[in-house]
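Here's a quick briefing to read with the model open beside you.

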Amino acid sequence: MSKKLFIKTWGCQMNVYDSARMADVLAPLGYRPVDEPDGADMVILNTCHIREKASEKVFSELGRLRQLKDVKAAAGDGRMIVAVAGCVAQAEGEEIVARAPYVDMVFGPQTYHTLPEMVAKASRKVGSVLNTDFPVESKFDFLPDESAGQGVSAFLAVQEGCDKFCTFCVVPYTRGAEFSRSGTQILAEAKRLVAGGTREINLLGQNVNAWHGEGPDGTTWGLGRLVRELADIDGLERIRYTTSHPRDMEDDLIRAHAEVPQLMPYLHLPVQAGSDRVLAAMNRKHTADDYRRIVDRLRAAKPDLALSGDFIVGFPGESDADFAETLRLVTDVGYAQAYSFKYSPRPGTPAALEHAQVPEDVKDARLAALQQLLNAQQQAFNQSFVGRTVPVLFDRAGKRAGQLLGKSPYLQSVHAEANERLLGRIVEVRIAAAHPNSLAGRVATGEYRSSVTGTQPVEASV
Ligand code: SAM
Ligand code: SF4
């Protein structure tokens with residue numbers, strides 16, 4: 001009999017991927033995903049620990065779930081298994097068990113391939129099953145093939161964990177040591193995705209460009225080689241990868257941006273700060289000028305490359321002069337889009353112990369100034385597309401009837417009136433208007449462009 005599974009996901013794309021794979025692991029046990037927690041047989045909170053308030057959010061969500069669990073039991077409708085997964089589970093597993101004893105399972109990001117055993121244990125016993133080990137085996141060797149395809153644009157985890165230990169970051173503690181899947185395993189998963197209708201693959205990893213894995217030829221490949229091999233898969237039109245570290249931006253990967261048409265001209269390359277003093281204190285092991293030089297090499301290879309980044313303001317000890325260096329770097333580089341955060345002390349990380357914490361109002365003011373600059377750059381970038389025609393991969397229905405939504409090569413969201421038969425297709429769209437976070441356009445009838453086979457006629461009416 002079919003059982004209802006509700007998964008709530010916080011945080012990064014890796015968590016979105018993990019949630020989909022948890023559903024794959026649970027499918028043979030009869031669990032089918034539903035959109036609401038009410039009446040569900042299992043609810044999993046897949047959590048993120050990267051910034052503060054994560055655990056408060058989890059505990060307040062758990063409070064609501066406890067009521068739903070009681071309602072289900074009182075109605076004689078069986079037991080709701082409540083689980084906490086992901087990085088908060090990894091970091092605060094014991095506290096969750098102590099504070100919320102009605103939680104049935106608490107498990108970290110490396111153990112969800114053992115969900116069937118955990119479910120069996122949880123069904124037998126009262127109290128929580130806690131599993132926050134870092135198992136010696138890789139979960140990827142035990143996960144079932146992914147179910148029915150993820151759609152037109154899919155995530156594929158190739159690398160996980162981190163050994164870089166930036167002094168502000170919890171990832172090395174919650175996700176564990178850096179690990180790369182084999183090229184063979186990745187190619188097989190990519191082929192299955194494409195056979196299931198995927199046209200775009202987003203390679204995922206906390207340090208995706210640190211990926212090194214064995215290929216079917218027995219040699220060790222880097223990410224540039226993997227991209228080239230993926231580009232040979234018939235029907236795969238677009239390849240992206242995220243998130244990259246500047247130190248791992250190897251020459252071959254940079255060359256792939258020039259040579260592989262399926263590799264999209266967009267790169268998320270976080271720098272965090274523009275001051276060398278702060279970068280050293282963050283343990284980033286590169287300077288602001290190192291970063292500028294990498295950007296120059298990338299743009300020499302791919303002149304239209306759109307850059308994105310992550311920034312932290314108010315890192316301990318950051319002075320006004322340091323922050324001015326961040327603004328200068330942003331001005332020099334010019335971003336198409338970026339994420340910026342106030343530094344959040346994370347328990348157990350070295351920077352959290354620093355005495356020179358920056359006051360909250362200073363962080364607020366710096367964040368506002370940085371975001372003003374980044375937003376202006378993003379607006380100018382989007383505005384420069386008005387009047388141009390860009391190939392858009394339509395991957396979902398838009399909010400309004402008759403509208404489709406898709407992505408430009410530069411990862412801008414583009415919406416246009418279009419026949420739903422164009423879903424999953426790359427279509428030329430003439431951009432009519434630019435908004436802060438999206439573009440609006442009209443399908444340029446008569447043509448669609450494939451990055452692989454070039455321009456072809458559109459037979460479907462728009
Ligand atoms: N591995 C990637 C890198 O090195 O650039 C980023 C991974 S992290 C999941 C995503 C982003 O969260 C970071 O780039 C950083 O900007 C931000 N972040 C991480 N820890 C933070 C903290 N303690 N406070 C504020 N932002 C943080
Ligand atoms: Fe965190 Fe730094 Fe590793 Fe990125 S490189 S995951 S910011 S420790």
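**Around ligand 1**

In this predicted model, a backbone N or O atom of S344 sits 2.8 Å from a nitrogen atom of ligand 1. On its own, ligand 1 has 570 Å² of accessible area, and the protein covers 90% of that (Shrake-Rupley method with a 1.4 Å probe; for residues, only the protein chains shown count as cover). Two elements give two or more residues to the shell around ligand 1, namely β15 (306-313) and β16 (337-342); strands here are DSSP runs of E with at least two residues, helices are runs of H or I with at least four, and both are numbered from the N terminus.

**More on ligand 1**
- There are 16 residues around ligand 1, and F168, Q206, Q272, D310 and S344 come nearest (a residue is near if one of its heavy atoms lies within 4 Å).
- A nitrogen atom of ligand 1 lies 2.7 Å from a polar backbone atom of Q206.
- The side chain of Q272 has an N or O atom 2.7 Å from an oxygen atom of ligand 1.
- By class, this shell splits into six nonpolar, five polar and five charged residues (Ala, Val, Leu, Ile, Met, Phe, Trp, Tyr, Cys and Pro count as nonpolar, Asp, Glu, Lys and Arg as charged, and the others, Gly among them, as polar).

**Ligand 2**
- Around ligand 2 you'll find C162, K164, F165, C166, F168, C169, V171, P172, N207, H245 and R284.
- That shell has seven nonpolar, two polar and two charged residues.

**Nonpolar cores**
- The largest nonpolar core has 62 residues, and L203, L223, L226, L230, Y241, M249 and Y335 have the most contacts inside it (a core is a set of buried Ala, Val, Leu, Ile, Met, Phe, Trp, Tyr and Cys residues joined through side-chain atoms within 4.5 Å).
- Another core, of 26 residues, lies apart from it, with M22, V25, A83 and A85 among its members.
- L203 is in contact with L156, V158, V208, L223, L226, V227, L230, I239, R240, Y241 and T242, leaving aside neighbours within four places in sequence (contact means heavy atoms within 4.5 Å).

- E61 is in helix α2 (residues 54-74), and it is buried at a relative accessible area of 11% (buried is under 20%, exposed over 50%, partly exposed in between, with a 1.4 Å probe and protein chains only).
- Not counting residues up to four places away in sequence, E61 touches K8, W10 and L45.
- Y173 belongs to helix α5 (residues 171-174) and is partly exposed, at 38% relative accessibility.
- Y173 and Q90 are 83 residues apart along the chain, yet their C-alpha atoms are separated by 8.4 Å.

- Most residues other than glycine have a negative phi, and most peptide bonds are trans.
- T242 and T243 are joined by a cis peptide bond, with omega about 5 degrees.
- Q272 is not a glycine but has a positive phi of about 75 degrees, and it is buried at 7% relative accessible area.
- L411, also not a glycine, has a positive phi of about 65 degrees and sits in the loop between β18 (403-407) and β19 (413-417).

**Reading notes**
- Residues are numbered from 1 along each chain as its sequence is written, while chains are lettered from A and ligands numbered from 1 in the order in which they are written.
- Local features need pLDDT of at least 70, side-chain atom pairs count only at pLDDT 80 or more, and totals for chains, interfaces and linings use all residues; side-chain values use heavy atoms, with hydrogens and water left out.

Key: A polar contact is a pair of N or O atoms within 3.5 Å; within protein, one must be able to donate a hydrogen and the other to accept it, and residues adjacent in sequence count only if both atoms are side-chain atoms.
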